Amino acid sequence: MSEFRGKTDSDSDEDDAGKSDTSMLTISRHDFGDESDEPSFSISIIENMKDDYGLFVWPCSVILAEYVWQQRNRFSGAGVVELGAGTSLPGLVAAKLGSDVTLTDDSNRLEVLENMKRVCELNKLKSKVMGLTWGVWDAPIFDLCPKIILGADVFYDASAFDDLFATVKCLLENSPGSVFITTYHNRSGHHLIEFLMVKWRLKCVKLLDGFSFLPPDKASGLSGNIQLAEIVLSCEQAEETSSSIVR
Ligand SMILES: C[S@@+](CC[C@H](N)C(=O)[O-])C[C@H]1O[C@@H](n2cnc3c(N)ncnc32)[C@H](O)[C@@H]1O
């Protein structure tokens, strides 16, 4: 990943976003490819170091994006929705791999949604951008039928977990056979996630240490106990299994 600070080509549009401070803008570049080869492609992300949460590429996002790349056969031609996408790295990798991607974030965070549109333009990707607040049932959510739902670092505020699971459940039910792939910091075991999965009749069919598949050059810049989980409706047959399935 390389970075530089400074103004971007789209800085002249900055006032449209209203709240961002251009002086803190950074563009980071994220490469994807097989070991020792030249990268197959790179994604550039506009970040705002002044803002937190949605305008920063969080480690969970780097890990989920790498997983999408490594699982690329699943993404070609698939409908994908990214929840709490923020700077949207995993969703953009999916788009690059030929997925039909809808990037979403809190409907009230217009600066994040605006930044997503800019990042799509910067990478010449035609993903859709949509406000989607967890637990809020605006009509457009019922039109989404993704095969794969992505969520990087969306489990950080326990008071929002129920709303997030409600939204995930709705999307999984809209599209039989679909899967929610998420990366999260495993803080104190996160028993609440396991409890809420049971409550919402969801099950984890794959659980990985996020660093187990990350190339060393990407892992060296990150820290934390990050897990990747694949979650489906509990009534559905698992497509993939792992020795570390959550009971
Ligand atoms: C920790 S950031 C992660 C951003 C990005 N996925 C990443 O990993 O770099 C959490 C994201 O969830 C979004 N978010 C928080 N609460 C939300 C809600 N109730 N509905 C939808 N999005 C929400 C935030 O705006 C933010 O973009």
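**The surroundings of Cys145**

Cys145 is in contact with Gly79, Asn174 and Ser175, leaving aside its neighbours within four places in sequence; two residues are in contact if their C-beta atoms, placed from the backbone, lie within 7 Å. The model is a predicted one, in which local features need a pLDDT of at least 70 and side-chain atom pairs count only at pLDDT 80 or more, whereas totals for chains, interfaces and linings use all residues. Residue numbers start from 1 along each chain as its sequence is written.

Cys145 belongs to the loop between strand 6 (128-131) and strand 7; helices (H or I, at least four residues) and strands (E, at least two) are DSSP runs numbered from the N terminus. Cys145 is exposed because 12 other C-beta atoms lie within 10 Å. By the convention used, 20 or more such atoms make a residue buried, 12 or fewer make it exposed, and counts in between make it partly exposed, with C-beta atoms placed from the backbone. Between the C-alpha atoms of Cys145 and Cys170, 25 residues apart along the chain, the separation is 9.7 Å.

Asp153 is buried, since 21 other C-beta atoms lie within 10 Å, and its phi is near 55°, a positive value in a residue other than glycine. Most residues other than glycine have a negative phi.

Ser88 also has a positive phi, near 75°. It lies in the loop between strand 4 (79-82) and helix 3 (89-96), and it counts as buried because 33 C-beta neighbours fall inside 10 Å.

Helix 5 packs against helix 6 (residues 191-199): their axes come within 11 Å and cross at roughly 40°. That angle makes helix 5 oblique to helix 6. Axes are lines fitted to C-alpha atoms, for helices over the stretch in contact, and angles run from 0 to 180 degrees between N-to-C directions; under 35 degrees counts as roughly parallel, over 145 as roughly antiparallel, 65 to 115 as roughly perpendicular, and the rest as oblique. The crossing is right-handed, that is, the near helix is turned clockwise from the far one by less than a right angle. Phe161, Asp162 and Phe165 in helix 5 meet Leu192, Ile193 and Leu196 in helix 6.

The largest nonpolar core has 61 residues, of which Leu64, Val68, Leu89, Val93, Ala94, Met116 and Ile149 touch the most other members. Helix 2 (residues 59-70) gives the most to this core, with eight residues. Such a core is a set of buried Ala, Val, Leu, Ile, Met, Phe, Trp, Tyr and Cys residues joined through C-beta atoms within 7 Å. Met116 touches Ala85, Ser88, Leu103, Asp105 and Val129, not counting residues up to four places away in sequence.

In the chain as a whole there are seven helices and 10 strands, and buried residues make up 38% of the 247 residues. Of the contacts with a separation of 6 or more, 69% join residues 24 or more positions apart.

The mean pLDDT of the chain is 86, and 83% of its residues reach 70 or more. Over residues 1-20 the pLDDT is below 50, although this stretch has 27 contacts in the model beyond near neighbours in sequence. Here pLDDT is the predictor's confidence in each residue, from 0 to 100. It also stays under 50 over residues 239-247. Where pLDDT is low, the predicted coordinates should not be read in detail.
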